[in-house]
Amino acid sequence: MSDKVKQILSCYESENPGVRANLTRILMHGKLGGTGKLVVLPVDQGFEHGPIKSFEINPDAYDPHYHFQLAADSGVSAYAAPLGMIEAGASTYAGVLPLILKLNSSNSLHAKDLTSDQAITASVKDALSLGCAAVGFTIYPGSAKCFDMMEEAREIIAEAKSYGLAVVLWSYPRGEGISKKGETAVDVIAYAAHIAALLGANIIKVKLPAQHLEKEKIEAGNINSLSKRIEYIKKSCFAGKRIVVFSGGESKAVDDIYNEAKEIKQGGGNGSIIGRNTFQRKKADALSMLEAIMDIYA
């Protein structure tokens, strides 16, 4: 274990040896192993957006084994997906890389005028039987369902940790009290990240913060660059004592992805979870892009 990983783990004072071991598995795996930085491949977009929108641009990606192999070949820190996707490659890829089982999901067939919510689609015991290092769970701070989601998250977090599994919390602000622009406002993202830390998340996943302010006032000079906004998010997570990674977002140019990684690193963020921008590219292009991103973080 590297000194950097030891320092990160020292901030998780209450965690049992199983949780610490699984955090170590993730932090020490792949090309960024030992650096304290992470790049995770998530493939839950089929649930969220449908198979055609997610995979038709790169038809190889319809095959669950494609994503396991992409994660293995690229040397990312972990692979995250819903139950069926992980079950479809669990035996072939057992022990090859750390797995994160996503325990709840939404779908875009859900009417947009209804409140934002997710269904629980897998269990902690599923994660244990599949050999996962962690479970993932999404909450929507700001939604009319947010309190129910937080209570669900708290129960799952307690159960997962009792079995030694680490917990990754997707904290995505949205709902009746937040404007569309406010979903990525720096003050709102900081609030969502802090909520995730308070709920006991080991790894916190949020969207990249925009310069927009929804509810609070911050001096413009303190948030005029992405790296400065990343600093605010990290500061909101117990003064930087929690692992915070940032989503890749919608499809974008490679140079934009590289620039975001540079800003995340400069701001003290722990890395990226990049889905669509990875598996919607041809495999050779995806591998080249991931290698460059990990070089930036390393």
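**Figure 1. Glu15 and Lys161 meet through their side chains in a salt bridge, with 2.8 Å from N to O.** A salt bridge here is a side-chain nitrogen of Lys or Arg within 4 Å of a carboxyl oxygen of Asp or Glu. Glu15 belongs to the loop between helix H1 (3–9) and H2, while Lys161 belongs to helix H8 (residues 146–162), so the pair ties together parts that are 146 residues apart in sequence. Both Glu15 and Lys161 are buried; buried means under 20% relative accessible area, exposed over 50%, and partly exposed in between (1.4 Å probe, protein chains only). The structure is a predicted model, in which local features need pLDDT of at least 70 and side-chain atom pairs count only at pLDDT 80 or more, whereas totals for chains, interfaces and linings use all residues. Residues are numbered from 1 along each chain as its sequence is written, and side-chain values use heavy atoms, with hydrogens and water left out. Helices (H or I, at least four residues) and strands (E, at least two) are DSSP runs, numbered from the N terminus.

**Figure 2. Lys283 and Asp73 form a salt bridge, their closest N and O atoms lying 2.8 Å apart.** Lys283 is part of helix H13 (residues 283–297) and Asp73 is part of helix H5 (residues 64–74), so this pair ties together parts that are 210 residues apart in sequence. Lys283 counts as partly exposed, at 26% relative accessibility. Asp73 likewise counts as partly exposed, at 39%. A search of the whole structure finds 4 salt bridges.

**Figure 3. A salt bridge joins the side chains of Lys180 and Glu183 at 3.3 Å, N to O.** Lys180 counts as exposed, with 67% relative accessibility, whereas Glu183 counts as buried, with 11%. Glu183 is found in the loop between S7 and helix H9 (186–199). Apart from its neighbours within four places in sequence, Glu183 is in contact with Pro173, Arg174, Ile178, Ile189 and Lys207, where contact means heavy atoms within 4.5 Å.

**Figure 4. In the barrel, 8 strands close in the order S1-S2-S3-S6-S7-S8-S9-S10, with parallel pairing.** Two strands pair if DSSP finds at least two bridges between them. Strand S6 (residues 134–139) and strand S7 (residues 166–171) run parallel and are joined by 6 bridges; Phe137 stands opposite Leu169 in S7. S8 and S9 also run parallel, joined by 4 bridges, and Ile204 has Val244 in S9 as its bridge partner. S9 is mostly covered, as 5 of its 5 residues are buried.

**Figure 5. Helix H2 (residues 17–27) lies across strand S1 (38–42), strand S2 (78–81), S6, S7, strand S8 (203–206) and strand S9 (243–247).** The helix runs at about 65° to S7. Axes are lines fitted to C-alpha atoms, for helices over the stretch in contact, and angles run from 0 to 180 degrees between N-to-C directions.

**Figure 6. Helix H10 (residues 226–236) and helix H11 (residues 254–266) cross at roughly 50°, their axes coming within 7 Å.** H10 and H11 are therefore oblique to each other; angles under 35 degrees count as roughly parallel, over 145 as roughly antiparallel, 65 to 115 as roughly perpendicular and the rest as oblique. H10 passes H11 in a right-handed crossing. A crossing is right-handed if the near helix is turned clockwise from the far one by less than a right angle, and left-handed if anticlockwise. Leu226, Ser227, Ile230 and Glu231 in H10 meet Glu260, Glu263, Ile264 and Gln266 in H11.

**Figure 7. H11 and H13 pack with their axes 9 Å apart, at an angle of about 20°.** The two helices, H11 and H13, are therefore roughly parallel to each other. H11 passes H13 in a right-handed crossing. On the H11 side, the contact is made by Val254, Ile257, Tyr258, Ala261, Lys262, Ile264 and Lys265. H13 contributes Ser288, Met289, Ala292, Ile293, Ile296 and Tyr297 to this contact.

**Figure 8. Val96 is found in the loop between helix H6 (83–87) and strand S3 (99–102).** At 36% relative accessibility, the residue Val96 counts as partly exposed. Its contacts, leaving aside neighbours within four places in sequence, are His29 and Ala72. Val96 and Gln69 are 27 residues apart in sequence, with 9.5 Å in space from C-alpha to C-alpha.
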